[in-house]
Amino acid sequence: MRKAKPKKRVILPDPKFNDQKVSKFVNHLMYDGKKSISYEIFYKALDLVGERMKDNEKSPLEIWKQALDNITPQVEVKSRRIGGATFQVPTEIRADRKMSVAMKNMIAFARKRGGKSMAEKLAAEIQDAFNNQGGAFKRKEDMHRMAEANRAFAHFRF
């Protein structure tokens, strides 16, 4: 590359839990720069998760982190063109991209859900991901299945 790599921006931790992961998630959740609304939605969703899962000894934040871990993919397939044919080549995902993909999937499937408010939809998606079910978990399983099916083309890795 000709240009220098851009510097990684430092993401400040969120005000309530003092956690960078939460800030990252809220940034993905945000529309039109309305971060305060995103924080409201996220905190309300965690409150709902806490109410619904009282019997669980974990805190709502720990439940959310576990849910994210459950839907984090390890491999993905990338299209690679070789001699006129396009192959789906399975590749490992970098750690920061894994987290980003998991967050985006959780938010996307929460938005698709039927429900009253975004906070309720997000809370339901967090609960499903924690219990290894729901749309985001299914997406992860599909990615892994696709990578497994195309394992024969792993030698084309970039």
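Contact here means heavy atoms within 4.5 Å, and helices (H or I, at least four residues) are DSSP runs, numbered from the N terminus. The structure is a predicted model, in which local features need pLDDT of at least 70 and side-chain atom pairs count only at pLDDT 80 or more, while totals for chains, interfaces and linings use all residues. Residues are numbered from 1 along each chain as its sequence is written, and side-chain values use heavy atoms, with hydrogens and water left out.

Let's start with helix 3. Its buried residues are Leu61, Ile63, Trp64, Ala67, Leu68 and Asn70, where buried means under 20% relative accessible area, exposed over 50% and partly exposed in between (1.4 Å probe, protein chains only). Which helices do these buried residues pack against? They meet helix 1, helix 2, helix 4, helix 5 and helix 6.

Leaving aside residues up to four places away in sequence, Trp64 touches Lys21, Val22, Phe25, Phe42, Leu46, Met106 and Ile126.

Trp64 also belongs to the largest nonpolar core, a nonpolar core being a set of buried Ala, Val, Leu, Ile, Met, Phe, Trp, Tyr and Cys residues joined through side-chain atoms within 4.5 Å. This core has 34 residues, and those touching the most other members are Phe42, Trp64, Met106, Leu122 and Ile126. Two or more residues each come from helix 1 (20-29), helix 2 (35-52), helix 3 (60-70), helix 4 (95-112), helix 5 (118-130) and helix 6 (135-149). In soluble globular proteins, nonpolar side chains tend to be buried together.

## Aromatic pairs

Rings of Phe, Tyr and Trp (its six-membered ring) pair if their centres lie within 6.5 Å; planes under 30 degrees apart count as stacked, over 60 as edge-to-face and the rest as tilted. By this rule there are seven aromatic pairs. Here are two of them.

| Pair | Centre to centre | Angle between planes | Class |
|---|---|---|---|
| Phe25 and Trp64 | 5.3 Å | 80 degrees | edge-to-face |
| Tyr39 and Tyr43 | 5.6 Å | 20 degrees | stacked |

Phe25 lies in helix 1 and Trp64 in helix 3, so their pairing ties together parts that are 39 residues apart in sequence. Tyr39 and Tyr43, by contrast, both sit in helix 2, four residues apart, about one turn of the helix. Phe25 and Trp64 are both buried, and Tyr39 and Tyr43 are both buried too. Ring pairs join Phe17, Phe25, Tyr39, Phe42, Tyr43 and Trp64 into a cluster.

## The largest pocket

On a 1 Å grid over the protein atoms alone, a pocket is an open set of points where a 1.4 Å probe fits, with protein on both sides within 12 Å along at least five of seven lines; lining residues have an atom within 4 Å of a point. Grid points are joined across faces, edges and corners, and a volume is the space filled by probe spheres set on the points.

The largest pocket has a volume of about 490 Å³. It has 15 lining residues, and Lys8, Arg9, Ile11, Lys24 and Asp96 are the closest to its centre. Helix 4 provides the largest share of the lining, five residues, and helix 1 and helix 4 each supply at least two. The lining divides into four nonpolar, three polar and eight charged residues (Ala, Val, Leu, Ile, Met, Phe, Trp, Tyr, Cys and Pro count as nonpolar, Asp, Glu, Lys and Arg as charged, and the others, Gly among them, as polar).

## Positive phi

Finally, a look at the backbone. Asn18, in the segment before helix 1, has phi near 55 degrees, a positive value in a residue other than glycine. Asn18 is exposed, with a relative accessible area of 60%. Asp32, in the loop between helix 1 and helix 2, has a positive phi near 50 degrees and counts as exposed at 76% relative accessibility.
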